Amino acid sequence: MNTFGNRLRFTTFGESHGSQIGVVIDGLPAGIRFDIDFIQNEMNRRKPGGKYSTKRKEEDKIEVISGVFEGFTTGTSLTMIIKNTNQKSSDYEQIKQIYRPGHADYTYMAKYSIRDYKGGGRSSARETALRVASGAVAKLILNELGIEVTSGLYSMGKIK
C-alpha cells in the first residue's frame, strides 16, 4: 500500500526517475491556514547535501494542485506535486543486474515482482520528500490548534 494514516491519510505516487512525485492528503478539515512557505521551509531542511549523502540535487519545490483556496484548506483532498529535475536514469544502467547493499532493491522486487533499477523507483529515498510534505501539513493543523510537539534524547546506552 502507498497510503498511510487513519483520520488523516496520505497517499504517495510517482517514481524517483519519473517526471514528478506527489501526495494526496485526505481528512484535512476545511479552514486550516495553508502556509506554503512553511511547507517549503520544511522541504528545504530535508534536502540532501554533505559528504555521505546523494550527489543528486533536487529543488523539492512544492506545487499545490488542489485542496486550497485563498490560503485555506477546502476540506477536499489536498494534492501536491514535486517535479523531478535531476533524474539521470542512464547512471544506473551499469548496475541493473546488481542488488545494492543498503538499498531496498531486493525487497522492492519481492514485494512488487518487478525491479526498477533506476534509482530504486518507489523505494528511493526520494519518496521521503512526500512524507516530509505531509508531515508539514500535519504541523499546520497542530499549529492551528495550538499544539506543540517536542522531543529529545533522554539517554543513549549508559549516557544520560
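This is a predicted model: local features need pLDDT of at least 70, side-chain atom pairs count only at pLDDT 80 or more; totals for chains, interfaces and linings use all residues.
Residues are numbered from 1 along each chain as its sequence is written, and side-chain values use heavy atoms, with hydrogens and water left out. Local features need pLDDT of at least 70 and side-chain atom pairs count only at pLDDT 80 or more, whereas totals for chains, interfaces and linings use all residues.

The protein has three helices and seven strands. Both are DSSP runs, numbered from the N terminus: helices are H or I with at least four residues, strands E with at least two. Along the sequence the pattern reads β-β-β-α-β-β-β-β-α-α. Of the 160 residues, 32% count as buried. Buried means under 20% relative accessible area, exposed over 50%, and partly exposed in between (1.4 Å probe, protein chains only). The accessible surface comes to about 10,400 Å². Carbon and sulfur atoms hold 55% of that surface. These areas come from the Shrake-Rupley method with a 1.4 Å probe; for residues, only the protein chains shown count as cover. Contacts (heavy atoms within 4.5 Å) were also sorted by separation. Among those between residues at least 6 apart in sequence, 62% join residues at least 24 apart.

Five strands form an open sheet in the order β1-β2-β3-β7-β4, with antiparallel pairing. Its edge strands are β1 (3-4) and β4, each pairing on one side only. Two strands pair if DSSP finds at least two bridges between them. Two bridges join β1 to β2, and T3 stands opposite T11 in β2. These two strands form a hairpin with four residues between them. In its turn, G5 has a positive phi of about 105°. Six bridges join β2 to β3, with R9 opposite D26 in β3. Here the hairpin runs through five residues. The covered face of β2 carries F10, T12 and G14. Its uncovered face carries R9, T11 and F13.

Helix α1 spans residues 36-46, and its buried residues are I39, Q40, E42 and M43. They lie on the same side of α1 because they cover an arc of only 155° around the axis. The arc is that of the directions from the helix axis to the C-beta atoms. An α-helix has 3.6 residues a turn, so residues three or four places apart point the same way. The face turned away from the buried side of α1 carries the exposed residues D37 and R45. Cover for the buried residues of α1 includes β4 (62-66), β7 (78-83) and α3 (128-144). D35 caps the N-terminal end of α1, with a side-chain oxygen 3.1 Å from the backbone nitrogen of D37.

Helix α3 has 17 residues, which should span 24 Å at 1.5 Å a residue; its end C-alpha atoms are 24 Å apart, in agreement. The expected span is 1.5 Å times one less than the number of residues. In α3, A129, L130, A133, S134, A136, V137, L140 and I141 are buried. Seen down the axis, they fall within an arc of 150°, so they line one face of the helix. The buried residues of α3 pack against β2 (9-14), β3 (20-26), α1, β4 and β7. G146 follows α3 and has a positive phi, near 75°.

One further backbone feature concerns E70. This residue has a positive phi of about 50° although it is not a glycine. E70 lies in the loop between β5 (68-69) and β6 (72-73). It is exposed, with a relative accessible area of 66%.

Definitions and conventions:
A polar contact is a pair of N or O atoms within 3.5 Å; within protein, one must be able to donate a hydrogen and the other to accept it, and residues adjacent in sequence count only if both atoms are side-chain atoms.
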